[in-house]
Amino acid sequence: PKVYSEEEAVTFYNNFNEQIKVYCNRNSLARWNYDSNITDFNLQRKLEEGAAFAKFKKDSWQELIKYPWKYFNDPELKRKFKLSSVLGTAALSEDDFKRLDTIISDMKSTYSKAKICSFQDSTKCDLNLEPEITELLKVSRNHEELRHIWIEWRRNSGEKVKETYKEYVTLKNKAAKLNDYADNAALWLGNYETEDFRDQISALWVQLKPLYQQLHAYVRRHLRLKYGEEVVKAKGPIPAHLLGNMWAQTWGNIVDFMLPYPERQSTDVTPNMIKQGYTPLKMFKLSEEFFVSLNLSAMPESFWEKSILEKPTDGRDMVCHASAWDFCDSMDVRIKQCTVVNQKDLNTAHHEMGHVQYFLQYKHQPNIFQRGANSGFHEAVGDVLALSVSTPKHLRAIGLLEESASEADKDAEREATINYLFSIALNKIAFLPFAYQMDLWRWDVFEGKTTPENYNCHWWRLAEQFQGIEPPVDRSEEDFDVASKYHIIADVPYIRYFVSFVIQFQFHKGLCQAAGQLENNAPLHECDIYKSTKAGNLLGSMLQLGQSKPWPDAMEVITGQRNMDASALREYFAPLEDWLRAENERTGEFIGWEKSDKYCL
Ligand SMILES: C=C(C[SeH])C(=O)N1CCC[C@H]1C(=O)O
Ligand SMILES: [Zn+2]
């Protein structure tokens, strides 16, 4: 057979790259139209474009594998072929591909359309997850109302896709095998190009679990003080419906009745955002201004024209889960977010703007490299900026927090710092076990260790082991609670967020050093990189790489390190960790939790 030369490979690849951009653009537009307006017509169009894209990738792949890329000299050309040689679900037959695309679309449709009836008024049955149910979980302090919402959401979302999900698993594994992976867990983990990646994640959790347990013990105490001994057992897992979030993944919404120093200023800026007439648009403009202050890119005009920054009021069904979109033409980038004016959504706005900034910074790369160094990098960018924005110093500078004279004396300042770190920890530390167990469960499912007969009970055993939570009512295999979470039904991996929540503190530390914010032992949690072009240029030089280099090279650009390391996170929260240990000691709180008797008996 003909042996293709490296020169011919360059010509082939350049042509392939030009063509894939066109298919990618058409596919993204069809997906956008479906997610922003769920109709049968838009579903058919999305399936058609998806099939065309898959066919193009499969046909090109037949050509591509004829090139002896493993022996190429040019490292970049070799990497392009290596990454492009993984076909993913496009390896499926046309029928299987269409079936899988249809299954995922249907599960997203069920999730996005799911509604529940109000606890207060059983005739009012039009409550969507966003914004109504999310808002209720934030403000309600009625544990029976919270239990009602928790149960009803699961009955109308996860339970409905129990059968469909089994077929999803079969098709995903079929595709993985066609790519010479043992199963889809191995294919998903391929993104990290790291042999012992799962061991590294496990080691990070071992390092972070003690801090989580201290936070968990303190929060359980204050929930017990509020809801009573019967509802919240002193040594038990925490009932999952009391934590202010549908999946108990972040606990920031219940900070108000457990602030370490209640008399000190809290950093909840939601009231001021509303008082100052903030709109979703202003929230995204604020984020754009921070990126520009770092000498990074402003949004193209089309971003503001084409994005959906608040839920349309025309009654359409749409996927409200926030997302950032790259239309593969190095121009059209958008965000779709059903934004509510509050601090949580201001953070999410920064999170999504971080994705878009990455799109803009690597837009000159060939299509195959227009990705995060690994998927955790993509999730970390916006959060890194949000760490600076969230500081009391920055919030005061932009007028969202009042100047507070009382912080003048040392004690007041120390107490205000504990309050601040506590509110950040409720979102950053509480999140870690949830992020880990989401893919621990899926890896077990794809690897066949967990079969459909124990999907739900395996999920609750992991939730008890890692999050230290339990369901408010008994659960069985009739339920399918893990699928009440978007990423499960939308085919979106989740370990990326665990990676992000660790490396974002490494990035924050590296950028703070570049910004000169850590001189004279200034604490990491006070750092604000706003307006530092040194920090911005460093961040930009990492983002411009996209996936053209293995992620340790990209990490080294900002941090000088080549591995994930939880030390920066521990350093950031050190004052809080000391405080929590002393406080739990003082109150004699039991650290950890005993097994639950609440589910899958
Ligand atoms: C905001 C997004 C879109 Se990439 C998201 O899904 N996040 C952001 C943090 C965790 C995770 C979640 O909501 O579960
Ligand atoms: Zn994200």
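This is a predicted model: local features need pLDDT of at least 70, side-chain atom pairs count only at pLDDT 80 or more; totals for chains, interfaces and linings use all residues.
At 36% relative accessibility, Cys 125 counts as partly exposed, because the class covers values between 20% and 50%. A disulfide is a covalent bond between the sulfur atoms of two cysteines. Look along the S-S bond of Cys 117 and Cys 125: the angle about it is 105°, and the link is right-handed.

**The other disulfides**

How many disulfides does the structure hold? There are 5. Counting the bonded cysteines along the chain, their pattern is 1-5, 2-3, 4-6, 7-10, 8-9.

Select Cys 320 and Cys 338 next. Their sulfur atoms are 1.9 Å apart, and a disulfide joins them. This link is left-handed, with -85° about the S-S bond. Colour the chain by secondary structure to see what the pair connects. Cys 320 sits in the loop between helix H12 (301-306) and S4, and Cys 338 sits in the loop between S5 and H13; the two are 18 residues apart. Are these cysteines buried or exposed? Both Cys 320 and Cys 338 are buried.

Move on to Cys 24 and Cys 328, which form a disulfide with an S to S distance of 1.8 Å. This pair links distant parts of the chain, 304 residues apart. To find the two ends, show helix H1 (residues 6-35), which holds Cys 24, and then the loop between strand S4 (323-326) and strand S5 (333-336), which holds Cys 328. Cys 24 has a relative accessibility of 13% and so counts as buried. Cys 328 is buried too, with a relative accessible area of 5%.

**The zinc ion**

Select ligand 2, the zinc ion, and show the side chains that coordinate it. Which atoms are the donors? They are NE2 of His 351, NE2 of His 355 and an OE atom of Glu 379, at 1.9 to 2.0 Å. Along the chain these donors follow the spacing H-x3-H-x23-E. His 355 lies in helix H13 and Glu 379 in helix H14 (residues 375-389), so this pair ties together parts that are 24 residues apart in sequence. Check how much of each is covered by protein. His 355, at 8% relative accessibility, counts as buried, and Glu 379, at 5%, counts as buried as well.

**Ligand 1**

Now select ligand 1 and display the residues around it. Among them are Gln 249, Ala 322, Glu 352, Phe 431, Lys 485 and His 487. The zinc donors His 351, His 355 and Glu 379 also belong to this shell. By class, the shell has 4 nonpolar, 5 polar and 3 charged residues. Which helix gives the largest share of the shell? Helix H13 (residues 343-361) does, with 3 residues.

- Tyr 494 has a polar side-chain atom 2.6 Å from an oxygen atom of ligand 1.
- His 321 has a side-chain N or O atom 2.7 Å from an oxygen atom of the ligand.
- Tyr 497 has a polar side-chain atom 3.3 Å from an oxygen atom of the ligand.

Taken alone, ligand 1 exposes 370 Å², and the protein buries 83% of that.

Notes:
Residues are numbered from 1 along each chain as its sequence is written. Chains are lettered from A and ligands numbered from 1 in the order in which they are written. Side-chain values use heavy atoms; hydrogens and water are left out. A residue is near a molecule or strand if one of its heavy atoms lies within 4 Å of it. A polar contact is a pair of N or O atoms within 3.5 Å; within protein, one must be able to donate a hydrogen and the other to accept it, and residues adjacent in sequence count only if both atoms are side-chain atoms. Accessible areas come from the Shrake-Rupley method with a 1.4 Å probe; for residues, only the protein chains shown count as cover. Helices (H or I, at least four residues) and strands (E, at least two) are DSSP runs, numbered from the N terminus. Ala, Val, Leu, Ile, Met, Phe, Trp, Tyr, Cys and Pro count as nonpolar, Asp, Glu, Lys and Arg as charged, and the others, Gly among them, as polar. Donors are N, O and S atoms within 2.8 Å of the metal (3.2 Å for Na, K and Ca); water is not among the atoms, so sites may look incomplete. Buried means under 20% relative accessible area, exposed over 50%, partly exposed in between (1.4 Å probe, protein chains only). A disulfide is a pair of cysteine sulfur atoms within 2.5 Å.
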